[in-house]
Amino acid sequence: MNDGLKKRLLLFCALLASCAAAAQPQYAKADSLKVADLLWQARKSPSAHTNYMLYFGRKLQGIPYVAHTLESNNRERLVVNLRQLDCTTFTENVLALTLCMQNKAYTFKSFCDYLQKIRYRGGGTPAYTSRLHYFTTWILDNTQMGICREIQSSTPPFTAVQTVQASFMSTHPDKYRMLKATPQDIPAIRAMEKEIEGKKYRYIPKEQIKNTKLLRQTIHDGDIIVIITRLKGLDTQHIGIAAWHKDGLHLLNASSIHGKVIEEPKTLRQYLYEHKSMPGIRVVRVAGM
């Protein structure tokens with residue numbers, strides 16, 4: 001074998017190895033052990049009435065809040081990280097665990113498969129341009145796959161309409177480490193933004209978020225609460241899980257304010273009134289709940 005052919009063969013083998021590595025989930029041993037333990041605990045005390053979105057969300061309380069954990073690679077991979085969570089990865093991990101329980105699929109591989117299905121368009125192979133970066137896109141894709149549905153109504157408490165804005169990523173690629181490194185992906189991100197830009201959704205304004213029979217009938221424990229925003233170019237600002245207390249609706253979330261996963265001591269109404277950029281919420285319900 002001549003040197004030129006040998007060099008090309010080595011490069012080809014290196015490329016294959018790189019592609020194989022990219023196709024494998026990225027996780028630490030602590031992550032796989034955590035998933036196995038959570039599923040084992042849930043199976044140990046089975047109940048037909050268990051709300052698994054609340055159950056697993058509460059099990060993850062105390063885990064540190066860390067932003068941008070999906071932006072840590074040079075090439076997109078399925079990142080499994082239950083040691084550090086932001087509001088979206090918290091919600092995705094809780095949902096993946098819930099799907100495992102609903103479908104009696106109790107392996108770490110099943111968890112990874114569900115996480116990939118949730119996070120990427122059509123549940124396809126991980127790629128930066130197929131990750132569901134905007135939560136409106138996330139809702140649409142997961143609704144199409146039958147994983148969830150958005151609650152929409154022309155009657156109270158859905159008394160306001162959001163016209164979606166989506167341009168922040170394509171106009172601020174420097175805010176995203178992986179996108180900054182691959183500017184050739186910006187047109188595909190812009191195309192994703194255009195798919196949802198201008199779409200209209202009914203939402204519950206913060207003025208309507210009260211401890212009433214109507215709101216308790218409308219929002220259920222374990223629903224995904226999607227807080228919309230007035231920030232330019234973004235559709236949503238924060239995500240969490242609905243948890244009803246005696247004094248009203250609270251948010252179970254990965255909080256940058258508290259620096260960890262926490263069930264907010266304040267009601268959601270109080271929380272929203274402390275943030276002028278948050279006019280209200282959209283509501284997403286997991287199938288089967």
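The lining of the second largest pocket has seven nonpolar, six polar and two charged residues. This is a predicted model, in which local features need pLDDT of at least 70 and side-chain atom pairs count only at pLDDT 80 or more, while totals for chains, interfaces and linings use all residues. Residues are numbered from 1 along each chain as its sequence is written.

**Second largest pocket**
- About 230 Å³ of space lies in this pocket.
- Of its 15 lining residues, S47, A48, T50, Y52 and Q102 lie nearest the centre.
- Helix 2 and helix 4 each give two or more residues to this lining.

**Helix 2 against helix 4**
- Helix 2 spans residues 29-44 and helix 4 spans residues 87-102; they pack at about 45°, with axes 11 Å apart.
- V35, L38, L39, A42 and R43 of helix 2 meet L97, C100 and M101 of helix 4 (contact means heavy atoms within 4.5 Å).
- By class, this contact has seven nonpolar, no polar and one charged residues.

**Largest pocket**
- The largest pocket has a volume of about 970 Å³ (a pocket is an open set of points on a 1 Å grid where a 1.4 Å probe fits, with protein on both sides within 12 Å along at least five of seven lines; lining residues have an atom within 4 Å of a point).
- It is lined by 36 residues, with H68, D86, C87, T88 and Y176 closest to its centre.
- Helix 4, helix 7 (168-171), strand 5 (236-245) and strand 6 (248-255) each give two or more residues to the lining.
- The lining has 17 nonpolar, twelve polar and seven charged residues.

Conventions. Side-chain values use heavy atoms; hydrogens and water are left out. Axes are lines fitted to C-alpha atoms, for helices over the stretch in contact, and angles run from 0 to 180 degrees between N-to-C directions. Helices (H or I, at least four residues) and strands (E, at least two) are DSSP runs, numbered from the N terminus. Ala, Val, Leu, Ile, Met, Phe, Trp, Tyr, Cys and Pro count as nonpolar, Asp, Glu, Lys and Arg as charged, and the others, Gly among them, as polar. Grid points are joined across faces, edges and corners, and a volume is the space filled by probe spheres set on the points.
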